[in-house]
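Please read the following note alongside the sequence and the model. The points are numbered so that each can be checked in turn.

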Amino acid sequence: MRLDRLARATVEVPSITTWTRLEPQARDASMQRSLQAQVRDPLWMLARQWQVGEFFGADAGSPVQATLAAETQTVTTYRPGVDDSATVVLDPSLPVEIHVERETAALKLRGSVQLGMYFEWLVRENGIATPEAVIAAFRTSFPISANVPDPNYAPVSAVRFRSLMAGKVTDGEALYVSAAAVQAGKVPPIPLPAEANNPGMPAVLAAFVSYRASLFSEPQNDPAWIDNQLEYEFAMGSPTPGQNLLLNAPDFPGGHLDWYSFSLQNDNPNPVFTANPAQISPVNFNFFPNHVTFRGVHDPRWWVFEDGMTDFGQLDAEHVDLAKLLVMEFALVYGGNWFSVPIPIPISTLGGPPTWNLSRVTTLIVTDTFGIRTLIRPSEQTTVNPGETAWSMYKLSGVGMRSDFILMAPTLGVVDDADAMEEVLFLRDDMAAMAWAVEHKLQGDLDAPVDMHEAYLDRVTRNPPPPPPQATAGGPQIYYTLEDPVPEYWIPMVPVQTAQGALYLRRGTMQIPTSGGPITVTGRALLLDPGQPFFVADRIIPQAGRLADRYFRRARSYDGSTYLWMARSSGAGRGMGWSGLRFDVVNDMKPVAAK
Amino acid sequence: MQILFQSPDLPAATVLFPDLLYLAQSLRRFFGACRPTEPQDLTTPEENAAQAGGAIDVVDLTNRVKALLTGLKNDIAALQAAQGGLPGATDPVRKALIQCSWYGVTGAIPATTAGPDATLGDQAQSVIDTLQARYNKANAVDLTRAQLADFEGIFKTVFAADFAVLPHVTPPDVTTLQAAFGQSAALTTTDTVAPARWLRQLSHVRPAVSRMDLAFSVAQAFGTAAVYPPSLTLAQLPPVAAPDRWLALPLDPAHPPQKGRVAFACVTAGDPTNQATYAGLMVDEWPERIPNAQAQTAVAFHFEEPSARAPQALLLATCPDNRETWDDPLLQAVLKETLELAKMRTVDLGSVLQVGQILPALYFALNLESATISTRFAVIEEVASAIG
């Protein structure tokens, strides 16, 4: 036994030793723990900061304080149209869009009925003796006619409305014109009846005139609409002793007005300018600069979750997409180096009229953590290569003129626009080598739009074109037509040239043959200035055409006042069109149908 | 029977039959575009009317539907009974047809007024078929679970698609609403003409108001009673302590209006200041906005900011050699070492594939015979898996 033990002790039984290598695996297929963002390792945090360069020193300090000096310069004058002599003092109580756009609210039958009924209500409610007799007298003097003025194009509902109202209500619009004339000491177009002098009636008429005048904002002979441009033109002045700054809106198509509607120019001296110099008010701010933030901008710090709504890295930009590349570069490279300061600009005192101001920054000094003060210059003063100009945005500029002004236009915010009461489509017709003003909608008796195509179809049904000549045995077998008729709501616009060579389109006339005799085609839309020559500059009607309309607009102003005004607007059309107009047409005659 | 549509011999102000039709047409256009008033209409948009106690009188609606269906059923039965008397007894059929015409059945009016009429039988059958189909469809609705839309659907099935049924509505806060209606006259003391002007202006812009204005003006043409301009009863919610002014008027700078207030302009029948329930047609609603007196602008500028940032870890350094006073080289050395360690921290196994046979140099022996010191990771794995 001892020998055995000795042998085992001296002769080792061979055994195998294996080696296990411990491999830490920091990565895992599952993102669960990574997304939990457990922070247990300070070295890892520091390593990431080192990786993105947050430990690199720079010879600069962080901005900690800034001083901004700004000044505002009031806008004091208004000029409708292009005539400098029409310049007037800007009326701050009237929003500029309304001042520019408004035109006379020319109402027809329904407006007359609405106003007439209000007048009769006033007579009944104000204790006038024998009110029905007084009302009857006014109805006789200012009657609603039972005769439809333009029966060819009156929809049935308008005819019925007229038939119902004829003799039952005073023509309010006609009464307003006469009563207002009497109030102004003028001769009324229609004399008021003797009952206008009954006890209490002068007060009723005064209340009536006041009510009607308060319904609509109407112009004082200062139209800004340029007929031959189909756009508004106006200007606002901000004169200072050294400079007559003019905010010119040469092609305002109507609708929303804002800073981009204006271009800047220097105007000639004007007595109204001299009498109404702009007030310049300095403003100073001290503020703590804040980073500019926007969707998609990278956060300057590591370990901050960014907004994933906008991912500039995923933008697919081609080499030619310069604007997109610029935005990307700004957002990804320089986005963290932009700061902003909010500046509240008073538009009006509470309940008061708005003021138009030009604003600019005069001085901006930034102090950093080391106390170094840096003057920030406006982008217009950036040093650029010869032949180039500095680029800026939101600043007012004009032809050959740059400025550091911004304009916070105190325009109307939300405007309630009615459907177009009148709509005219100007389009080119290359087949006929001319243009057309297509009266799609016209104001009807109900002061609502009448679809002229439907009216035309209705007219054709009631008053069709004359039948073509029919062939007879031994007679001619063809007939000649000088021109094919077009629908009567297509108003011809004929090209003309001025002595100076400028091209215009002049509203023309045509005659349409019907079974009831020829119809003369002439513009009836107020947009086409019926009754007087109407020209439109040739360049105003592009190949895409141009659509112009008239419509009511309603808005609240800064002081809470409600305004209702009739406005115009114009915009792009719907392409070219063909009227069907053909000249010198020879047709075969059809034989007389056998009975 | 002959309807004389127009005659030049009549006095100018005579009301003609087409005028009456025009009135009916105007009213139908107006009513057809409205909807019944609901509890939510009688409070502010922010308040949940149902949670605040607003409700529709479902019991009343149920009773009205039951009465409607019973009446319809009886009228169908009466027409069927009268139809049985044909061809002899034609007058009962005519009477029953006229009764059924109130349901808006096209072609229900008999073409003759008396005497034999061979077409009456077919006409009656057609009306019976139409009304029976409507009855069957309306009667299939389970009234115990019906909502307002279901009740409306029954009435529209029986009458026509533009039929309006007005439920009795209990407002969420009836006391406040009554008090608000009581302020109607006080709201416009500075401008009593304002409501009429406001309505007239809206008639040129908002189609719904235009339809209402037209209906009222057409109705006015039929008499001298004061119908036009419609008299408006005003109310505003929520109530304010200060003297209130109608929100449609220019602002009172001394008492600027709060945001989110609701203004009601109602043409009322009865006295809304003492009613517990209301029924009405909702004509139009819209938000009215007044521009802000102050605009917010901003100046943005470029300033090259250093990208250096404070470390996101606190370093607690201990003195490596127990000296009493720290010095700069020692502190720098600690910082340097920390940064070196941080850099090393970025290295993981995937980053050292080239030297993967060597690194990491953590080797552990395993000998089952205990010939050397062994580390058995299997046990650790078992424990780890056991505790999950």
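**Backbone, helix packing and the contact between chains**

1. Asn221(A) is located in the loop that joins helix H9 (201-215) to strand S5 (225-226) of chain A. Here helices (H or I, at least four residues) and strands (E, at least two) are DSSP runs, numbered from the N terminus. Although Asn221(A) is not a glycine, its phi is positive, at about 55°. Most residues other than glycine have a negative phi, and most peptide bonds are trans.

2. The model is predicted; local features need pLDDT of at least 70 and side-chain atom pairs count only at pLDDT 80 or more, while totals for chains, interfaces and linings use all residues. Residues are numbered from 1 along each chain as its sequence is written, and chains are lettered from A and ligands numbered from 1 in the order in which they are written. The pLDDT is the predictor's confidence in each residue, from 0 to 100. Chain B has a mean pLDDT of 88, with 97% of its residues at 70 or more. Among the elements of chain B, the highest mean, 96, belongs to helix H8 (residues 194-202), and the lowest, 80, to helix H11 (residues 377-386). The scores of the model are ipTM 0.84 and pTM 0.82.

3. Two cis peptide bonds in chain B deserve attention. One runs from Leu86(B) to Pro87(B), with omega near 5°; Pro87(B) sits in the loop between helix H2 (58-84) and H3 of chain B. Another runs from Tyr228(B) to Pro229(B), with omega near -5°; Pro229(B) belongs to the loop between helix H9 (207-220) and strand S4 (233-237) of chain B.

4. Helix H3 (residues 91-101) and helix H4 (residues 120-139) of chain B have axes that come within 11 Å and cross at roughly 35°. Axes are lines fitted to C-alpha atoms, for helices over the stretch in contact, and angles run from 0 to 180 degrees between N-to-C directions. H3(B) contributes Val93(B), Leu97(B) and Cys100(B) to the contact, and H4(B) contributes Leu120(B), Gln123(B), Ala124(B), Val127(B) and Leu131(B). Two residues are in contact if their C-beta atoms, placed from the backbone, lie within 7 Å. By class, this contact of H3(B) with H4(B) has seven nonpolar residues, one polar and no charged. Ala, Val, Leu, Ile, Met, Phe, Trp, Tyr, Cys and Pro count as nonpolar, Asp, Glu, Lys and Arg as charged, and the others, Gly among them, as polar.

5. How many residues does each chain give to the contact? Chain A supplies 89 residues and chain B supplies 74 residues. On the side of chain A that touches chain B, 51 residues are nonpolar, 25 polar and 13 charged.

6. An open sheet of three strands has the order S10(A)-S11(A)-S7(B), with antiparallel pairing. Strand S10 (290-291) of chain A and strand S7 (294-302) of chain B are at the edges, each with a single partner strand, so one side of each has no neighbour in the sheet. Strand S11 (residues 338-346) of chain A pairs with S7(B) in the antiparallel sense over nine bridges; two strands pair if DSSP finds at least two bridges between them. Within S7(B), His302(B) is opposite Trp338(A), and Gln294(B) is opposite Pro346(A).
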